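Dear colleague,

Please find below the structure that I am handing over to you. My notes on it follow directly after.

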Amino acid sequence: ELPELNDELAKDLGEYDSLEDLKAKLKEEMAAARERSNADAVRKAATAKLVEESDFEVPEVLVEERVKERLDGLARRFKAQGIDPSHANIDWGKVREEMLQDATNEVKARLLFDEIARVENLEIGDEEIKNEIQAIADSLQQPVEKVGQFFSKPEQRLGLRDDLLRRKALQIVVTSATVNG
């Protein structure tokens with residue numbers, strides 16, 4: 001039996017004062033999710049167009065490294081589900097081949113964003129790193145100290161800084177594409 005939709009139900013579901021309050025907050029959350037989805041689509045389209053329009057050879061060693069990272073990630077996901085990747089009925093050569101183009105595009109995009117960041121003299125300040133660590137902690141529902149400890153390792157902090165620089169470079173591309181049509 002379904003519960004009756006009323007103020008009592010709204011209060012039972014969390015920090016809502018009334019059914020109208022619940023409805024309003026759900027509308028806000030849905031609008032925010034739609035906006036995030038639209039922004040993600042714009043970023044993906046801008047990145048794809050940038051990669052497509054850029055004609056240069058991507059170093060094979062970087063592509064191979066990215067394919068290996070993707071395969072390792074897939075194997076970890078299998079293990080997390082209790083599946084031994086070495087005994088799974090998977091044609092790893094075929095999986096690797098299917099990953100090759102995406103890995104090439106990812107590396108190309110990374111190189112392009114790195115160059116945009118260099119040309120535009122983009123920098124990441126300590127406050128931006130601190131804010132990103134807080135955002136990661138919030139999204140993982142982990143204490144900020146624990147996440148901060150992970151990013152205190154030089155290679156992890158550098159990776160975070162590089163990711164933030166690439167996001168800034170991507171934002172320049174998106175803004176330019178939006179302004180220029």
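How many aromatic pairs does the count come to? The count comes to 2 aromatic pairs, where rings of Phe, Tyr and Trp (its six-membered ring) pair if their centres lie within 6.5 Å, and planes under 30 degrees apart count as stacked, over 60 as edge-to-face and the rest as tilted.

Before the details, a word on the basis of these notes. This is a predicted model, in which local features need pLDDT of at least 70 and side-chain atom pairs count only at pLDDT 80 or more, while totals for chains, interfaces and linings use all residues. Residues are numbered from 1 along each chain as its sequence is written, and side-chain values use heavy atoms, with hydrogens and water left out.

Aromatic pairs

Phe78 and Trp92 form an edge-to-face pair, at 6.1 Å centre to centre and with 85° between the planes. This pair links distant parts of the chain, with Phe78 in helix α3 and Trp92 in helix α4, 14 residues apart. Helices here are DSSP runs (H or I, at least four residues), as are strands (E, at least two), numbered from the N terminus. Phe78 is buried at a relative accessible area of 17%, whereas Trp92 is partly exposed at 27%; buried means under 20% relative accessible area, exposed over 50%, and partly exposed in between (1.4 Å probe, protein chains only).

Phe150 and Phe151 are also edge-to-face, because their ring centres are 5.0 Å apart and their planes stand at 85°. Of these residues, Phe150 is partly exposed, with a relative accessible area of 36%, and Phe151 is buried, with 10%.

Ile129, Glu132, Ile133, Ile136 and Ala137 are buried in α5. They cover an arc of only 140° around the axis, which means that they lie on the same side of α5; the arc is that of the directions from the helix axis to the C-beta atoms. Lys130 and Ser139, on the other side of α5, are exposed.

Most residues other than glycine have a negative phi. Asn121, in the loop between α4 and α5, has a positive phi near 55° and is exposed at 62% relative accessibility. Gln141, in the loop between α5 and α6 (144-150), has a positive phi of about 55° and is exposed, with a relative accessible area of 73%.

The largest pocket holds about 490 Å³ of space. On a 1 Å grid over the protein atoms alone, a pocket is an open set of points where a 1.4 Å probe fits, with protein on both sides within 12 Å along at least five of seven lines, and lining residues have an atom within 4 Å of a point. Of its 15 lining residues, Thr47, Ala109, Phe113, Arg166 and Leu170 are the closest to the centre of the largest pocket. Volume is the space filled by probe spheres set on the points, which are joined across faces, edges and corners.

The second largest pocket has about 210 Å³ of space. Its lining includes Glu132, Ile136, Phe151 and Arg166, and α7 gives the largest share, 8 residues.

Yours sincerely
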